[in-house]
Amino acid sequence: MWEPSESYPDPAITVLDPRFQDIRIGNAAVERLATGIRYGEGPVWFGDARCLLWSDIPNNRIMRWDDETGTVSVYRKPSGYANGNTRDRQGRLISCEHGERRVVRTEYDGTLTVLADRFEGKRLNAPNDVIVRRDGSIWFSDPLFGILNNYEGYQAQPELPTHVYRLDPVSGRLQAVIRDIRNPNGLCFSPDESLLYVVDNGSAPNRILVYGVRDDGALDDGRVFVQAHGDSIPDGIRCDTAGNVWAGWGPGPALSGVMVYAPDGTAIGRIALPDRCANLCFGGPRRNRLFMVTGQCLFALYVNAQGAAHC
């Protein structure tokens, strides 16, 4: 049973390297904002509405937490078993749907536009995480997780290998930018978007990879940024403005929570949570509040860092 810390500093926040000392706020603690979800994912902050949206995949809904009142409500149901969410450069919600095996955009009037559901004439697997670059291009991972059973979507046979894709904002062309990866998961860009970080959940052990990104969107061959130990699993990731990588982590009491890595790949901090953190994002008026979604709960923590503008 999780209990909030009754004193400062919160023992759930651990400094692993002196560089994290100034990022941790001594009189800020982990707060639990919501419970009652079955498996949470894909948090995204809407500053203009002062709210956070996130997915409750098995319950086939997107949830909404209101910053002013703390009220939790259902934003959309059914959601197509949505997983990852983000916003495009026009502020519209972009979602990855396991159920329909597609990426969709929510228009201002609430209607859905299908952005991608096939590649080379074959159905996508189960789009998982999604990010948008400053040029408007939409990047998403397409692992198998959402079609492996009937819990987070509909069980089905894959028609395609697992890739990371880039959707061109002008031509609408869908391009597989990373092909040699099994079950890619979380994605994020560095603050200047010159680097793309990708969680690789198809290797043993699991890894976070990093690729150089050219102006035209082409990637270099990439390298290992972080190699997880044992059975640990990185999941959703985000960058702050200093280039640190914040990664959802788990499972198990010794691993569950968030790991923070400096740009050189050194682990500098950890936030312990009662369950595996599936995904996270920065939000709040100053982008200095870290929202963390675990299997059954939504948590938040104020930090002395700001999420990169696209995070």
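**Close-up views of a predicted model**

**View 1. The second largest pocket has a volume of about 280 Å³.** Sixteen residues line this pocket, and those closest to its centre are Phe 145, Asn 185, Asn 201, Asp 235 and Arg 276. By class, the lining comprises five nonpolar, seven polar and four charged residues. Here nonpolar denotes Ala, Val, Leu, Ile, Met, Phe, Trp, Tyr, Cys and Pro, charged denotes Asp, Glu, Lys and Arg, and polar denotes the others, Gly among them. A pocket is an open set of points, on a 1 Å grid over the protein atoms alone, where a 1.4 Å probe fits, with protein on both sides within 12 Å along at least five of seven lines; lining residues have an atom within 4 Å of a point. Grid points are joined across faces, edges and corners, and the volume is the space filled by probe spheres set on the points. The model is predicted: local features need pLDDT of at least 70, side-chain atom pairs count only at pLDDT 80 or more, and totals for chains, interfaces and linings use all residues. Residues are numbered from 1 along each chain as its sequence is written, and side-chain values use heavy atoms, with hydrogens and water left out.

**View 2. Arg 289 forms a salt bridge with Asp 67.** The closest N and O atoms of this pair are 3.7 Å apart; a salt bridge is a side-chain nitrogen of Lys or Arg within 4 Å of a carboxyl oxygen of Asp or Glu. Arg 289 lies in strand β26 (residues 289-294) and Asp 67 in the loop between β5 (61-66) and β6 (72-76), so the pair ties together parts that are 222 residues apart in sequence. Strands (E, at least two residues) are DSSP runs numbered from the N terminus. Both partners are buried, Arg 289 with a relative accessible area of 6% and Asp 67 with one of 18%. Buried means under 20% relative accessible area, exposed over 50%, and partly exposed in between (1.4 Å probe, protein chains only). In total, the structure holds 23 salt bridges.

**View 3. Asp 135 forms a salt bridge with Arg 133.** Their closest N and O atoms are 3.8 Å apart. Asp 135 is partly exposed at 35% relative accessibility, whereas Arg 133 is buried at 7%. Through salt bridges that share partners, Arg 89, Arg 133, Arg 134, Asp 135, Arg 166, Asp 168 and Glu 193 are joined into one network.

**View 4. Asp 88 forms a salt bridge with Arg 92.** The closest N and O atoms are 2.8 Å apart, and both residues are buried.

**View 5. Strand β27 (residues 298-302) is mostly covered, with four of its five residues buried.** Strand β27 pairs with β26 in the antiparallel sense over five bridges, where pairing requires that DSSP find at least two bridges between two strands. A hairpin of three residues joins β26 to β27, and Val 293 stands opposite Leu 298 in β27. Strand β2 (residues 31-34) also pairs with β27 in the antiparallel sense, over three bridges; the bridge partner of Glu 31 in β27 is Ala 300.

**View 6. The structure holds zero disulfides.** A disulfide is a pair of cysteine sulfur atoms within 2.5 Å. The sulfur of Cys 51 is 11 Å from the closest cysteine sulfur, in Cys 281, and is therefore too far for a bond. Cys 96 is likewise in no disulfide, the nearest cysteine sulfur, that of Cys 281, being 15 Å away. Cys 51 is buried at 3% relative accessibility, and Cys 96 is buried at 0%.
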